[in-house]
Amino acid sequence: MKHKKRKKGWLRHVSIKWRIFAILVAFVAFILAMLWIFQTALLNPFYQRIKINEIQAGAEEIRRNLNNPQLLVEGIQNMALEKQTCVIISDEAGYVYIDSEASPNCIIHKLRAQDLVYLYYLVQKNGGSYLGRGIQINGQEPEGMEVESHPGMILYASISQLEDGSNRLVLLNASLIPVNATVQTLQTQLLWITGFLLLIALGIGIVLDRWISKPIIKINESAKKLATGNYDIHFAEEGYGEIVELAKTLNYAAQELSKVEGLQRELVANISHDLRTPLTMIIGYSEAMRDIPGENTPENIQVVIDEAKRLNTLVNDVLDISKLQSGTQTLSLKEFNLTRSIQEILLRYNKLVDYDIRFRFTEEIWVRADELKISQVVYNLVNNAITYTGRDKKVTIIQSLPSARPGYVQVEVQDTGEGLEQNQLQDIWQRYYKVDKSHKRAQIGTGLGLSIVKTILDMHTGAVYGVHSILGKGSTFWFALPKISPPLPAPSDGTSTEKGL
C-alpha cells in the first residue's frame with residue numbers, strides 16, 4: 001500500500017507535457033499493436049475465411065445455374081478469372097461436363113475418372129458436401145488416388161440434383177499461398193508506419209506542450225506572485241477557452257482581494273479611530289475629575305459612562321461579526337411575536353435618541369427564528385438608518401405581508417438620506433464595505449451592522465433580504481421571514497380541553 005501511495009504521489013508531480021506525450025505514445029503503441037495483430041497474426045485466418053466464403057458462394061451460384069447452361073458457363077468463367085478458382089462438374093460415373101482450370105497447380109485437375117467416382121461416393125456418404133485442404137475424407141485417402149492433402153489449397157465438393165433427377169458432382173479448388181507474400185509486404189510497411197507514427201507523436205507532443213502547458217505555466221507563475229500579496233498582477237487571458245476563463249476568474253479574484261484588503265485597512269483605521277475617541281474622552285474626563293476640584297459632577301460622570309457604553313458597543317460588534325462569520329455561533333429557534341419584539345426595540349430607542357422613529361403595521365405576526373439575533377438585525381438596520389438619514393431625522397419601519405411572497409412577513413427600514421448609487425448596492429452587504437469613504441462617527445453603532453445583518457439572515461433557512469435606494473431620496477433596507485400561525489392561548493385555571501368534561 002505504501003508503494004502505491006508513493007507511486008501515485010510521483011505521478012501527481014509529473015509535468016502535463018510529459019503526461020500528454022506519454023498518452024500519445026501509449027495511443028500510438030495501441031494502434032500499432034492492433035495493426036500488427038490484425039494485419040499479420042490474424043491476416044491468414046481472415047483470408048482463409050474470406051476464401052472459404054467465396055468458394056461456398058460460388059458453389060451455391062453454380063447449383064442455382066445448373067439447369068441454365070449459358071449462365072452456368074459465364075459464372076464459371078468469371079469465377080476463374082476474378083477469384084482464381086478451378087471448377088469441375090461431373091456425374092456419378094466420373095464423366096466431366098465442365099472443366100475450368102484457373103491455375104496449373106489445381107489439384108482437382110489431377111483426378112482421374114475413377115477418382116471422381118470414388119469422390120462422388122465419399123461426398124454422398126459425408127452428407128452431400130465437403131470442405132477441406134485436400135481430398136482426405138474422414139482421415140482416409142480414396143483408393144487409387146494419387147493426390148495428397150495440400151496446406152496451401154482449399155477444396156469444396158458438393159452434390160446437386162438437376163431438374164431431370166440426375167445428380168452432378170461440383171468441385172471447386174482455390175489456392176491460399178499468396179497470403180504469405182502479402183503478410184511479408186504488410187510487415188515491411190508496418191515497420192515504416194511505426195517509425196512515422198512515433199515521429200508524428202513526438203511532433204504532436206511538442207505542439208501540445210506549447211499550446212497547453214505554457215499558458216498553465218504562465219498562470220502558475222502569476223498565481224505565485226498573487227499568493228505573496230501582489231494584487232496588481234495581471235493574468236494573461238490567452239490560449240484555449242478553459243485557460244482564458246481561468247485567467248479571467250483569477251483576475252477577478254485579484255481585484256476582489258485588492259478591494260477587500262483596502263477595505264480591511266480602512267476598517268482597521270476606522271475602528272482605531274472609534275476606539276481612540278471614547279478612550280481619550282474617558283481618560284480626559286477621569287483625569288479632570290481626579291485633578292480638578294469640583295469637576296466630579298454627575299454630568300462628567302455621565303459622559304464617562306456614555307463613552308464606556310460606546311466603547312463596549314464597538315467591541316461587541318467586532319466580536320459578533322467574528323463569531324458569526326467563523327460559524328461558531330448557532331441558532332436558538334423559537335416561536336415569538338415579531339411585531340411586539342420590534343415595538344420593544346423602538347421603545348428603548350425613543351428613550352436614547354432624538355429621532356422621529358415610527359413603526360407601521362396592520363396586524364401582529366409570529367415567526368419561528370432566533371429572537372435575540374433577529375432583534376440584532378432590527379437594531380443594526382435602525383442604527384444604519386439613524387446614521388444616514390436626512391436632516392429631518394426621520395426613520396420609518398414598516399411591517400407588511402408582501403403579495404409577491406405569500407407566507408412571508410417583510411420588515412422595511414426607511415431613511416431619508418442621500419441614498420446609494422446602483423453600482424454600490426451589490427457591495428453594500430460585503431464585509432469591510434463602507435459607502436462613505438470619509439470617516440463618520442455614528443451616534444449609535446459601529447459601521448459593521450450590515451455585515452452582521454447579512455450573516456444572521458443567511459443563517460436562517462428561508463430568510464431573504466435586500467435594499468432599494470434612490471439618490472437624493474433615501475434607502476430602504478428590508479428582510480423577510482416565513483410567518484407562522486399564532487399559538488393557541490393556554491387554557492385558564494379550572495377548565496379542561498378534553499371532550500366530555
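Predicted model: local features only at pLDDT ≥ 70, side-chain atom pairs only at ≥ 80, totals over all residues.
A cavity, as I use the word here, is a set of grid points where a 1.4 Å probe fits but cannot get out.

**Entry 1, the cavity.** I looked up how many cavities of 30 Å³ or more there are, and the count comes to one.

**Entry 2, an open pocket.** Next I turned to the second largest pocket, which holds about 160 Å³ of space. I noted its lining as Leu331, Leu333, Val367, Arg368, Ala369, Met459, His460, Thr461, Leu481, Pro482 and Ile484. By type, I have eight nonpolar residues, two polar and one charged. Two strands, E8 (366–369) and E12 (474–484), each supply at least two residues of this lining.

The buried ones are Gly449, Leu450, Ser451, Ile452, Val453, Thr455, Ile456 and Leu457.

I picked out one serine in helix H10 (residues 371–388), namely Ser375. Why do I call Ser375 buried? Its relative accessible area is 12%, and buried means under 20%, so Ser375 falls on the buried side of the cut-off. I also checked what Ser375 touches once its neighbours within four places in sequence are left aside, and found contacts with Ser341 and Ile345.

**Entry 5, strand E9.** My last stop was strand E9, residues 394–400, where five of the seven residues are buried and the strand is mostly covered. I followed its pairings in turn. Strand E7 (residues 356–360) runs parallel to E9, and five bridges join the two. In that pairing I found Ile357 opposite Val395 of E9. Strand E10 (residues 408–415) runs antiparallel to E9, with six bridges between them. There, I noted Ile398 standing opposite Glu412 of E10. So that I can find the place again, I have marked E9 as joined to both E7 and E10.

Notes: Residues numbered from 1 in each chain as written. Heavy atoms only, no water. Buried < 20%, exposed > 50% of the residue type's maximum accessible area, 1.4 Å probe, protein only. Helix = DSSP H or I, 4+ residues; strand = E, 2+ residues; numbered from the N terminus. 1 Å grid on protein atoms, 1.4 Å probe; cavity = no way out; pocket = protein on both sides within 12 Å on 5 of 7 lines; lining within 4 Å. Points joined across faces, edges and corners; volume = space filled by probe spheres on them. Nonpolar A, V, L, I, M, F, W, Y, C, P; charged D, E, K, R; others polar. Contact = heavy atoms within 4.5 Å. Pairing = 2+ DSSP bridges.
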